[in-house]
Amino acid sequence: DIGIILKLGAAGLKEKIDQKLIELGERKTASNLEKKTFLEAEKKRLNSVVKWCNRYAKLAEDKAKIESGRRKEELLKIADICKKVIEEPAGNFYEALQSYLFYFIALNIFGNYIPMGRLDQMFYPYLEKDLRKGDITIEQAQELLDCFWMKFCDRIDIDIQDHFEPHRDPGDFSLGLPEVVKFPVLPLTNFWQQNITLGGYDKDGNEATNLLTYMCLESTSKLKLIRPQLQIRLSKKSPDKLIERTAEIIRDGIVPILFNDEVNIKSLVNYRDLPIEIARNYSGEGCWELVVPGITEFRFYHIEALQLLEFTLNRGKSRGKQILDSNDFDYNQDSKGYAIGWQKGLDLGDPCEWDSFEEVFDKYKMQLDHALEQFIMKANSVYLNLSKVAPTPLMSAVMHGCIEKARDMVQGGAYE
């Protein structure tokens with residue numbers, strides 16, 4: 001939840017960290033030392049981002065020395081803003097955009113590829129205040145937003161052969177898991193999970209579409225860039241204007257992901273046990289998985305539905321050939337290193353003895369439950385090992401609960 005850095009700044013977060021360090025006291029237990037090490041790591045990461053921002057401030061000041069007139073004024077303003085963010089809270093719309101961009105890029109540098117969240121909700125209070133005070137016009141704000149949009153197309157891969165590795169979480173490589181995700185990477189070229197979620201309910205169940213929602217749609221429609229990717233939340237309360245504007249950009253060739261708030265919020269409440277006020281703040285992940293910024297994270301796994309049916313009908317074995325991996329067991333191997341008749345599913349008995357389709361379907365669901373359980377076990381083991389070799393203190397700083405628990409998010413520090 002990068003909104004945390006907009007509200008508190010690194011200074012506010014470091015103050016919370018220092019308070020937690022005082023609470024931990026001087027006890028020399030292993031648990032206490034581990035917590036203190038994590039908190040100090042968070043402070044170091046935050047300080048490193050602030051220093052990085054200051055380098056941009058100096059660059060702008062140096063460029064201003066050889067400029068004059070309007071351009072000199074622009075560069076000096078850029079320098080002032082870069083000096084303030086990330087260290088201090090954002091004070092206006094311009095600062096909020098710049099602070100967000102710096103922190104988002106910093107997370108990417110450290111290998112934490114995250115979606116961009118509900119930007120119309122995050123930035124609107126700053127825009128509304130600036131407009132009310134007369135500090136900015138709609139036209140000026142739209143220009144800033146357009147520039148912000150273009151920054152997310154700065155990173156371009158030319159050689160798609162080298163595209164796979166930069167997209168991987170470094171933690172996966174540190175654990176020796178280069179084959180966790182098995183799918184062609186060509187469709188992912190220049191896709192960095194830069195998804196923006198617009199519209200939808202607020203935490204109290206009110207329709208939250210606002211002026212900035214339409215300005216984001218305008219930036220997308222005007223610039224027609226491949227990124228960022230739009231995700232639009234629609235509900236029974238969505239204004240006709242939002243539905244009509246969404247239809248217009250689809251007509252023009254832009255393809256947003258459309259979310260049904262009525263279904264998604266109910267799902268998060270019923271199946272993830274989230275309080276409804278938290279579930280209402282969901283956004284889309286890198287593809288379209290549902291997450292709540294600063295509260296939930298996800299890992300995905302390919303469940304091969306037809307293969308599960310094969311396991312169900314063949315007593316947990318495959319009749320085909322499969323390249324071996326370290327998790328396969330009970331197989332015969334041919335001369336080319338393929339597994340034949342490999343046992344990876346449940347043996348649910350002889351299907352010839354089943355009397356109805358309902359019984360077949362029940363067995364299939366048992367096979368599916370088994371596959372999901374195996375995935376959850378693998379995901380839990382990944383998190384356990386990541387906490388030892390690839391912690392994420394910068395990401396944890398903007399996850400709710402990590403500072404309070406003095407634990408990294410991959411160690412179970414985030415909100416429960």
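**Figure 1. Lining of the second largest pocket in the predicted model, by residue class.** The lining divides into 23 nonpolar, five polar and 13 charged residues. In total, 41 residues line this pocket. Ile78, Tyr94, Gln98, Leu144 and Cys147 lie nearest the centre of the pocket. Helices H2 (30-64), H3 (69-84), H4 (93-109) and H6 (138-151) are the elements that give two or more residues to the lining. H4 supplies the largest share, eleven residues. The volume of the second largest pocket is about 1,400 Å³.

**Figure 2. The cis peptide bond from Val85 to Ile86.** Omega for this bond is near 5°. Ile86 belongs to the loop between H3 and H4. Both of these helices also give two or more residues to the lining of the second largest pocket.

**Figure 3. An open sheet of three strands in the order S1-S2-S3.** The pairing is parallel. Strand S1 (195-199) and strand S3 (257-260) are the edge strands. Each of these two pairs on one side only. From one strand to the next, the twist averages 25°.

**Figure 4. Pairing of S1 with S2.** Strand S2 spans residues 229-234. S1 and S2 run parallel and are joined by five bridges.

**Figure 5. Helices H9 and H10 across S2 and S3.** Helix H9 covers residues 240-251 and lies across both strands. The direction of H9 is at about 150° to S2. Helix H10, residues 261-272, also lies across S2 and S3. For H10, the angle is given against S3 and is about 65°.

**Figure 6. The largest cavity, with about 30 Å³ of space.** The count of cavities of 30 Å³ or more comes to one. Trp149, Ser219, Thr220, Leu223, Lys224, Leu225, Arg227 and Pro228 line the largest cavity. Helix H8 (residues 211-223) gives the largest share of this lining, three residues. By class, the lining holds four nonpolar, two polar and two charged residues.

**Figure 7. Lys224, a residue with positive phi in the cavity lining.** Lys224 is not a glycine, yet its phi is positive, at about 50°. The residue sits in the loop between H8 and S2. Lys224 is one of the residues that line the largest cavity. H8 also contributes to that lining.

**Figure 8. Ala406, a non-glycine residue with positive phi.** The phi of Ala406 is about 55°. Ala406 is in the segment after helix H15 (402-405). Is the residue buried or exposed? Ala406 has a relative accessible area of 1%, so it counts as buried, the cut-off being under 20%.

Figure 9. The protein has 416 residues, and buried residues make up 45% of them. Among contacts with a separation of 6 or more, 66% come from residues 24 or more positions apart.

Note on methods. Residues are numbered from 1 along each chain as its sequence is written. This is a predicted model: local features need pLDDT of at least 70, side-chain atom pairs count only at pLDDT 80 or more; totals for chains, interfaces and linings use all residues. Side-chain values use heavy atoms; hydrogens and water are left out. On a 1 Å grid over the protein atoms alone, a cavity is a set of points where a 1.4 Å probe fits but cannot get out, and a pocket is an open set with protein on both sides within 12 Å along at least five of seven lines; lining residues have an atom within 4 Å of a point. Grid points are joined across faces, edges and corners, and a volume is the space filled by probe spheres set on the points. Helices (H or I, at least four residues) and strands (E, at least two) are DSSP runs, numbered from the N terminus. Ala, Val, Leu, Ile, Met, Phe, Trp, Tyr, Cys and Pro count as nonpolar, Asp, Glu, Lys and Arg as charged, and the others, Gly among them, as polar. Two strands pair if DSSP finds at least two bridges between them. Axes are lines fitted to C-alpha atoms, for helices over the stretch in contact, and angles run from 0 to 180 degrees between N-to-C directions. Contact means heavy atoms within 4.5 Å. Buried means under 20% relative accessible area, exposed over 50%, partly exposed in between (1.4 Å probe, protein chains only).
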